[in-house]
Amino acid sequence: MPAETPRQLLRRVFGFDDFRGLQQPIIEHLIGGGDALVLMPTGGGKSLCYQVPALLRPGCGIVVSPLIALMQDQVAAMTQLGVRAAFLNSTQDAATASEIERQLLEGELDLLYVAPERLLTGRFLNLLTRATIALFAIDEAHCVSQWGHDFRTEYRELTVLHERWPAIPRIALTATADSPTRAEIVERLNLAEARQF
């Protein structure tokens, strides 16, 4: 039986008939293993750009997000659609976190949202070496810019993803990035080879 196409998955899981704007070329680029930097307005459908490829590629999509409320909203929405999604952040007790880590290692998750502080711990990076990873999505990528009001020092260290997993595609997404900020994202996240959308 042929593998599901991005459009078929979009219809089946998300209930949309077609992609908008640049979503389809971004999704196809990621499915093919390419890195991408995506600048798209809030409400423009950035999340689908990594959710669809994460569901079509083998393994779990790891989504780096700095906002706990956003993680919780995304996971609630994905779970309602029947997607196996979870998050790891400071609001959870050790037993809950341990169960989510087990699900990751057993291949029971399609998407895992994680705060950059958690992702960068040696323990979590070691956990990832034992998991099958579909892609890395770096949300709110403008947080890498020291000139922005949302600057997060941890974002500077996310180059470790490319260093440790050079064959896993990465997508950096933001709604707010002028030309200097885009250049800084490319430099700080080692995305020189990434296609910009």
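Modeller: Let us begin with the axes, which are lines fitted to C-alpha atoms, for helices over the stretch in contact, with angles running from 0 to 180 degrees between N-to-C directions. Helices are DSSP runs of H or I with at least four residues, strands are runs of E with at least two, and both are numbered from the N terminus. Please keep in mind that this is a predicted model, in which local features need pLDDT of at least 70 and side-chain atom pairs count only at pLDDT 80 or more, while totals for chains, interfaces and linings use all residues. Residues are numbered from 1 along each chain as its sequence is written, and side-chain values use heavy atoms, with hydrogens and water left out.

Colleague: At what angle do helix 5 and helix 7 pack, and how far apart are their axes?

Modeller: Two packed helices are described by the angle between their axes and the distance between the axes. Here helix 5 (residues 94-105) packs against helix 7 (residues 122-129) at about 30°, and their axes are 9 Å apart. Helix 5 is therefore roughly parallel to helix 7, given that angles under 35 degrees count as roughly parallel, over 145 as roughly antiparallel, 65 to 115 as roughly perpendicular and the rest as oblique.

Colleague: Which residues of helix 5 and helix 7 meet?

Modeller: Contact means heavy atoms within 4.5 Å. From helix 5 come Glu101, Leu104 and Leu105, and they meet Arg123, Leu127 and Leu128 of helix 7. By class, this contact of helix 5 with helix 7 has four nonpolar, two charged and no polar residues, where Ala, Val, Leu, Ile, Met, Phe, Trp, Tyr, Cys and Pro count as nonpolar, Asp, Glu, Lys and Arg as charged, and the others, Gly among them, as polar.

Colleague: How should I read helix 1 and helix 3: are they roughly parallel or roughly perpendicular?

Modeller: Their axes come within 10 Å and cross at roughly 100°, so helix 1 and helix 3 are roughly perpendicular to each other. Helix 1 brings Pro6, Leu9, Leu10, Val13 and Phe14 to the contact, while helix 3 brings Leu48, Gln51, Val52, Leu55 and Leu56. Nine residues of this contact of helix 1 with helix 3 are nonpolar, one is polar and none is charged.

Colleague: What is the angle between helix 2 and helix 3?

Modeller: Helix 2 (residues 23-31) packs against helix 3 at about 40°, with the axes 9 Å apart, and helix 2 and helix 3 are therefore oblique to each other. The contact joins Gln23, Ile26, Ile27, Leu30 and Ile31 of helix 2 to Leu48, Cys49, Val52, Pro53 and Leu56 of helix 3. This contact of helix 2 with helix 3 has nine nonpolar residues, one polar and no charged.

Colleague: Let us turn to the loops: what is the phi of glutamate 140, and where does this residue lie?

Modeller: Glutamate 140 has a phi near 55°, a positive value in a residue other than glycine, and its place is in the loop between strand 5 (133-138) and helix 8 (159-164). Asparagine 190, which is not a glycine, has a positive phi of about 55°, and this asparagine is found in the loop between helix 9 (179-188) and strand 7 (195-196).
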